[in-house]
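Student: I am new to this one. Please show it to me, and let me ask as we go.

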Amino acid sequence: MGRKVTLATCSLNQWALDFDGNFERILKSIDVAKSRGAKYRLGPELEICGYGCGDHFYESDTLLHSFQVLKKLLESPSTQDIICDVGMPIMHHNVRYNCRVLFLNSKILLIRPKMMMANNGNYRELRWFSPWKKLRQVEEYFLPRMLQEVTGQDTVPFGDCVLSTKDTCIGSEICEELWSPRSPHIDMSLDGVEIITNSSASHHELRKADARVNLIMSATRKCGGIYLYANQKGCDGDRLYYDGCAMLAVNGDIVARGAQFSLDDVEVVTATFDLEDVRSYRGETCQPHLDLDFKPCHRVKVDFCLSGDGVGLPTHQPITWQFHTPEEEISLGPACWLWDYLRRSGQAGFLVPLSGGVDSSSTACIVYSMCVLVCRAVQDGNSQVLEDVRRVVCDPSYRPQEPRELCGRVFTTCYMDSVNSSEDTHNRAKELANQIGSTHMTINIELAVKGMLGIFSLVTGKWPSFRANGGSDRENLALQNIQARIRMVLAYLFAQLSLWAQGRPGGLLVLGSANVDESLTGYFTKYDCSSADINPIGGISKTDLKSFLHYCVEHFQLHSLRGILAAPPTAELEPLMEGQVSQTDETDMGMTYAELSVMGRLRKISKCGPYSMFCKLIHTWRETLSPTQVAVTVKHFFRRYSVNRHKMTTITPSYHAESYSPDDNRFDLRPFLYNTRWGLQFRCIDDEVSKMEEGDA
């Protein structure tokens with residue numbers, strides 16, 4: 001009796017609509033799995049076309065090209081003698097489904113459509129796909145003629161079914177189904193399915209990895225069985241970074257895992273299991289269904305064995321999962337995302353206006369971390385990374401030696417000086433640029449500012465003044481905005497032409513550096529340096545960014561960051577007072593970054609309006625603020641948020657890292673024209689404050 005089975009799962013860096021590249025990566029993963037003795041290979045969700053196709057799923061071309069790739073896989077010698085489990089969209093009875101296709105030796109065994117759709121947060125699957133609602137039901141799917149010619153089959157099973165080999169039984173879950181309170185793995189396990197697979201396209205969020213791992217451990221601990229998890233990896237053309245973590249588990253223990261962050265386009269994880277371990281575990285803990293109405297799984301039989309004669313083959317033993325700290329996640333996730341964006345965009349590097357503050361320094365450190373990862377991958381023999389970096393720098397013989405040298409090739413930083421800039425920030429920016437090795441320049445913007453104001457004065461006969469010089473609030477704000485917007489225009493000018501001026505080919509991508517908290521209240525100028533091509537820190541809080549810079553001081557030995565961390569955050573857009581900064585972010589905003597982070601989470605994650613937020617914060621902040629002070633803070637937050645919400649409609653595409661991101665384009669769908677008086681909402685808060693004051697009296 002066969003007992004030992006070797007199974008493979010993988011993380012693939014797929015790219016939406018890159019059918020040729022996706023095919024090559026799928027095929028490579030199958031080759032690696034077979035070379036390690038695996039008889040079953042699981043891939044990520046929708047791996048053939050890429051998960052992030054968006055409204056391209058509506059196009060018949062996407063379905064056609066997916067079938068063309070599937071045909072090539074069926075014809076390939078690499079897919080012989082191994083059960084391959086791939087993901088693609090399929091239309092059945094004129095309804096589009098997100099499916100798994102299982103095939104062996106040029107025969108399609110079954111097609112399993114997704115039953116529970118991801119339709120919250122960043123996900124909109126119900127926009128493109130329908131869930132399969134026919135529990136335990138299977139229909140005939142008529143194959144396209146191009147596949148009939150290869151498989152010799154007219155129809156194949158389509159629906160809620162599992163695969164029975166000669167020695168075990170395999171059932172599928174697809175991504176969201178693991179997270180559902182009615183996960184299919186429970187009923188499948190109770191019906192004797194011993195191997196559960198999950199193909200996912202699960203994105204990275206700070207502090208999320210443990211939730212995913214715990215779900216898989218819990219699934220196999222309470223039900224017994226083997227669980228395989230495959231996930232996409234990398235940036236497939238959107239704001240999300242899919243963070244791998246392919247893993248295999250048995251009876252509540254993780255026995256093998258892949259990397260969460262990596263520049264490897266293909267990562268295959270294999271493990272060997274003893275099926276008798278599953279049977280022994282379930283024999284003691286897992287009770288069969290006693291419900292007379294229970295419908296058993298529809299089994300599709302295949303004349304194939306996953307196990308061999310290798311009784312002496314060692315099985316994999318439990319491992320302890322070492323999770324990254326949030327600081328490490330910030331260092332690695334956005335860096336991998338930037339690398340994917342850079343190599344796939346066809347550009348020659350990045351440019352960031354480096355102000356000497358926490359935010360732009362964080363962006364610079366993430367680029368430096370990217371350079372560290374690229375150099376490490378090249379040293380480890382990653383030929384794809386070497387090919388990509390040579391294409392980026394336009395030098396077919398180039399080989400990066402160390403991160404600072406690579407940083408000088410692909411990263412340009414510039415300090416944009418004005419009369420309101422201090423010598424301290426100028427020096428801090430220069431020191432950091434020197435330590436990371438970026439090509440650094442100082443650009444004085446005063447000539448451009450005076451030129452713009454001169455045009456305004458010529459037309460109107462007026463010359464605005466700062467508040468410190470007797471001007472009004474409107475003048476003060478306009479003078480700040482013109483500086484910020486000129487910096488954006490100059491950033492794009494230098495991004496387009498700085499390499500041309502050096503006699504080098506290509507252009508640079510402009511990176512933004514507005515954090516998630518500033519975006520939440522609109523504490524930035526519309527179309528200033530927050531307007532960029534992409535923003536690696538737009539989904540990260542100020543608090544986490546400061547912790548990240550402390551990490552960089554120790555991990556990368558970037559000691560210039562100590563001065564940046566010690567300085568108060570400032571926009572430096574108002575006149576200096578005796579050569580010193582007089583403007584600070586928290587004073588301008590009227591609240592601290594710590595308060596902003598708390599209120600941001602309550603607004604988005606806890607679904608709080610003004611009144612509900614007040615009711616929670618009078619308890620959370622009772623040691624430091626009175627109910628009246630809490631009311632003032634909450635009202636101020638919602639006024640700032642609603643007045644500036646329009647800015648989110650043009651916000652730079654940002655790396656998604658926080659579940660309280662205010663990204664209007666994909667994640668946080670709300671109006672951008674509010675009644676900023678919040679009449680009834682604020683009156684409810686005032687009523688509660690009055691009741692509390694009367695009670696205290």
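Tutor: This is a predicted model, where local features need pLDDT of at least 70, side-chain atom pairs count only at pLDDT 80 or more, and totals for chains, interfaces and linings use all residues. Residues are numbered from 1 along each chain as its sequence is written, and side-chain values use heavy atoms, with hydrogens and water left out.

Student: With which side chain does the side chain of Thr 6 make a polar contact?

Tutor: A polar contact is a pair of N or O atoms within 3.5 Å; within protein, one must be able to donate a hydrogen and the other to accept it, and residues adjacent in sequence count only if both atoms are side-chain atoms. For Thr 6 the distance is 2.9 Å. The partner is the side chain of Thr 272.

Student: Is Thr 6 buried or exposed?

Tutor: Buried means under 20% relative accessible area, exposed over 50%, partly exposed in between (1.4 Å probe, protein chains only). Thr 6 has a relative accessible area of 10%. Therefore Thr 6 is buried.

Student: How many of the twelve residues of helix 20 are buried?

Tutor: Helix 20 covers residues 593-604. The buried ones include Tyr 593, Leu 596 and Met 599. Helix 20 is mostly covered, and the count of buried residues is nine.

Student: How is helix 20 oriented to helix 22?

Tutor: Helix 20 packs with helix 22 (residues 627-643) at an angle of about 75°, their axes 11 Å apart. Angles of 65 to 115 degrees count as roughly perpendicular, under 35 as roughly parallel, over 145 as roughly antiparallel and the rest as oblique. So helix 20 is to helix 22 roughly perpendicular.

Note on methods: Axes fitted to C-alpha atoms, helices over the stretch in contact; angles between N-to-C directions. Helix = DSSP H or I, 4+ residues; strand = E, 2+ residues; numbered from the N terminus.
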